[in-house]
Amino acid sequence: MKKPHKLLLGIGALFLLIVVGLCTAYYRFTRQPAFNTSSDKAVRIFVYPDAQWSDVLDTIAAATDAPLLEDLKLHLGLRASNAPKVGSYTIEPKMTVQALYNRLVHGMQTPISLYFNSYRLPSQLYRRMGSQLMIDSLEVARAMNDTLLLRSLNIPDTTLVYYLVPNTYELYWDITPADLTKRMAEESQKFWNAQRRAEADSLGLTPYEVITLASIVQEESAKVDEYPMIAGLYINRLRVGMPLQADPTIKFALQEFSLRRILHKHLKVDSPYNTYLHKGLPIGPIRIPTMEAIDGVLKASDHSYLYMCAKEDFSGYHSFASTYPEHQKNARKYVAALNERGIK
C-alpha cells in the first residue's frame, strides 16, 4: 500500500523539478540581462554570410563582457535549426538572451549611418562606401556606372556620383549595390527639389552645370561664406563670354592637386578642363561638391566683379575687382607675399 504513495511522491517531486527548471530557464533567458557591457552604450556586431553560431558567439565574446555567454550557447543549442541572419546588430547593455536571439534569427538589424564627405575623385567615394558597407568598392563602382540601371532611375550616364550630396544616410549594412544606387538616386532627387531646380533655371544653368560650377567654387575657397561671391563672379564671366580662367581646373587637368602656384607652363595643358583655353564651363565637375557649395551657386551674389585674387594675408579669403588694372594691383600684392614666404 505504501508503494503507490511513494510513486506519487516521486512523480510530484519530478514535476516540481521540471517546473523549477522551466521557471529558471525562463528567467535566465528572458528576464536576466544577458550582456552587460563595460559602458552604458550599445555595441555593434556584424554577422557575415555563411557565419555559424560559433562565429557569432566569438564575435559577441570579443565585443562585450559577455558574462552570460553560456546561457546563449545553451539557448542556441535548444534551437540549433535557426541560423543567424547576415547583418549589423547592436547589443544593448541590459539586453536579454531571448531578445538577442530573436534579433539575430529574425534579421532585426540596426541601420548603419553611412557618412561620406566631399571627394575629388569618384574612386575615393567608392572606397569610402565600401569601407562602411558589406559590399566592396568595385561593386559600388559597377552599380553606380551601370548604364541600364542609371537610365531606369532617370540619371544621365556616369553622372550619378556627382549628383550625390555629402551627408549622413541611414541604411542597412548588407544593402545590395543596386539598392544602394537606387537609394542614392532617390536622395539626390530629394535634394534637387522644385525650388533648387527653379533657382538653377533662373541662373540659366542646369542642375549638372550648377554642380560643375559648385565644384570649382569649392576648390577656390575653404570659406563657405565666400561661395556666393565667387559664384557670382564666375556667372558674370559666363554671361559676358569671358573664359572662367579657374586655377582649380588646371590642377584637375594635370591631376596635380598640391600645386601652390599656377605658372604659365601649366596653362598650356591640353585638356577640356583647361578653362584658360576653353570658354564656358568644363565638361564636368572637378570634385563631388558639398551642398553648401551647390547652394552657394544657387544663391550667387549679384555684383559686377570679374576678377579675384587670394588675399596677401593668407586668410583664405579673396580680393575682388571689377577691372583688370584693379585686379593686377591685388595680384601683385599676393605674388609679393608668395615670394616673401618662398612659396614656389
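Good morning. Please bear in mind throughout that the model is a predicted one.

The largest cavity contains about 50 Å³ of space. Which residues line the largest cavity? They are R120, E219, P248, K251, F252, F257 and I286. Helix α13, residues 247–254, gives the largest share of this lining, with three residues. By class, the lining of the largest cavity comprises four nonpolar residues and three charged ones, with no polar residue.

I turn now to open space. The largest pocket holds about 1400 Å³. Its lining is made up of 40 residues, and those nearest the centre of the pocket are D247, I262, C309, A310 and Y334. Which element supplies the largest share of the lining of the largest pocket? That is α15, with eight residues. At least two lining residues come from each of α11 (207–220), α12 (227–240), α13, β5 (307–310) and α15 (324–341). Sorted by class, the pocket lining has 21 nonpolar, nine polar and 10 charged residues.

My next topic is the aromatic rings. A pair of aromatic rings is described by the distance of the centres and the angle of the planes. How many aromatic pairs does the structure hold? The number is 11. One of them joins F46 and W173 in a tilted arrangement, with 4.9 Å from centre to centre and 55° between the planes. F46 belongs to strand β1 (residues 43–47), while W173 lies in the loop between β4 (168–171) and α9 (177–191), so this pair ties together parts that are 127 residues apart in sequence.

Are these two residues buried or exposed? F46 is partly exposed, because its relative accessibility of 29% falls between the limits of 20% and 50%. W173 has a relative accessible area of 4% and is therefore buried, the limit being under 20%. The pairing also extends to a further ring, as F46, Y48 and W173 are linked by ring pairs into a cluster.

A second example is the pair of F191 and W192, which is edge-to-face. Here the centres are 5.7 Å apart and the planes stand at 85°. Both F191 and W192 are buried.

Thank you for your attention.

Technical notes. Residues numbered from 1 in each chain as written. Predicted model: local features only at pLDDT ≥ 70, side-chain atom pairs only at ≥ 80, totals over all residues. Heavy atoms only, no water. Phe/Tyr/Trp six-rings, centres within 6.5 Å; stacked < 30°, edge-to-face > 60°. Helix = DSSP H or I, 4+ residues; strand = E, 2+ residues; numbered from the N terminus. Buried < 20%, exposed > 50% of the residue type's maximum accessible area, 1.4 Å probe, protein only. 1 Å grid on protein atoms, 1.4 Å probe; cavity = no way out; pocket = protein on both sides within 12 Å on 5 of 7 lines; lining within 4 Å. Points joined across faces, edges and corners; volume = space filled by probe spheres on them. Nonpolar A, V, L, I, M, F, W, Y, C, P; charged D, E, K, R; others polar.
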